[in-house]
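Hello,

Here is the structure we talked about. Please open it and follow along with the notes below.

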Amino acid sequence: MRYAIFSDIHSNLDAFESVLAAYEKERIDKYLCVGDIVGYGANPRECIKIVQDRNIPTVAGNHDWASTARFNIDYFKPYAKEAILWTREKIDNKDTEYLNNLDIVYKESDFCLVHGTLLNPEYFDYIFDLEDAMDSFKVMSVCICFVGHTHVPGVFIKENEKFSYVRDNVIDIEPKKQYIINVGSVGQPRDGDSRGCFCIYDSKERAVWIKRIEYNIGIAQKKIEDAGLPLFLSRRLSLGH
Ligand code: ZN
């Protein structure tokens, strides 16, 4: 099976459409989303509709649940809060119900998805470093856990009791190792590369790829500005930060 695994769309329809077009050339069997469909960008409803129409299994992100008031808005920085309140106004009752019913963890036989961490996923903590990763490895029974949330693609590896971190774009999945793979962000990358980020997992070839695709950042920025959302959210798209 070839899986398309992506995260943190953040209402950026322009980036999302470019990523989906890139996936069209990748012989994908199944699409999966690691959360944060909404928040920050100007097209929450359009992004929800695509995920919903395509029946893409999706785990809840902190922005998804904050937009339905299931998760406490006090968790967020002021500009994020502002975007969440804006999103609440834009989405309708059905969108709210959809986001509210997203599961916190998705599991297949040899891998799982969670937005932030496997240990206490409902807290939406971050995996920034090896120490953070260790907590999730402790409760991880599958070979690979795909995460999002930091918007920085990267791979944490556990081999026996040794831990390492790599920023490779091609990862061979080896037996006896476990992996926490951050798939980066479709709609608001923060690793200094402004292009949309997406991931492919081939369960037969036992390999994972992190890929990038350019999209029309200017259009996404203009929509954010026209919507009256914080200017910082527009500016950061071209910085990839
Ligand atoms: Zn996010």
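**What was found**

Asp193 sits in the loop between strand E9 (177–182) and strand E10 (196–202). Helices (H or I, at least four residues) and strands (E, at least two) are DSSP runs, numbered from the N terminus. This is a predicted model, in which local features need pLDDT of at least 70, side-chain atom pairs count only at pLDDT 80 or more, and totals for chains, interfaces and linings use all residues. Residues are numbered from 1 along each chain as its sequence is written, and side-chain values use heavy atoms, with hydrogens and water left out.

The side chain of Asp193 makes a polar contact with the side chain of Arg195 (2.8 Å). A polar contact is a pair of N or O atoms within 3.5 Å; within protein, one must be able to donate a hydrogen and the other to accept it, and residues adjacent in sequence count only if both atoms are side-chain atoms.

In strand E5 (residues 144–147), Ile144 and Phe146 point one way, Cys145 and Val147 point the other way, and all are buried (under 20% relative accessible area, 1.4 Å probe, protein chains only). Strand E4 (residues 111–114) runs parallel to E5, joined by 3 bridges; two strands pair if DSSP finds at least two bridges between them. Cys112 has Cys145 in E5 as its bridge partner. E5 also pairs with E9 in the parallel sense, over 4 bridges, and there Val147 has Asn182 as its bridge partner.

Elsewhere, helix H2 (residues 44–53) has as its buried residues Pro44, Cys47, Ile48, Ile50 and Val51. After H2 comes Asn55, with a positive phi near 55°.

Regards

Conventions
Buried means under 20% relative accessible area, exposed over 50%, partly exposed in between (1.4 Å probe, protein chains only).
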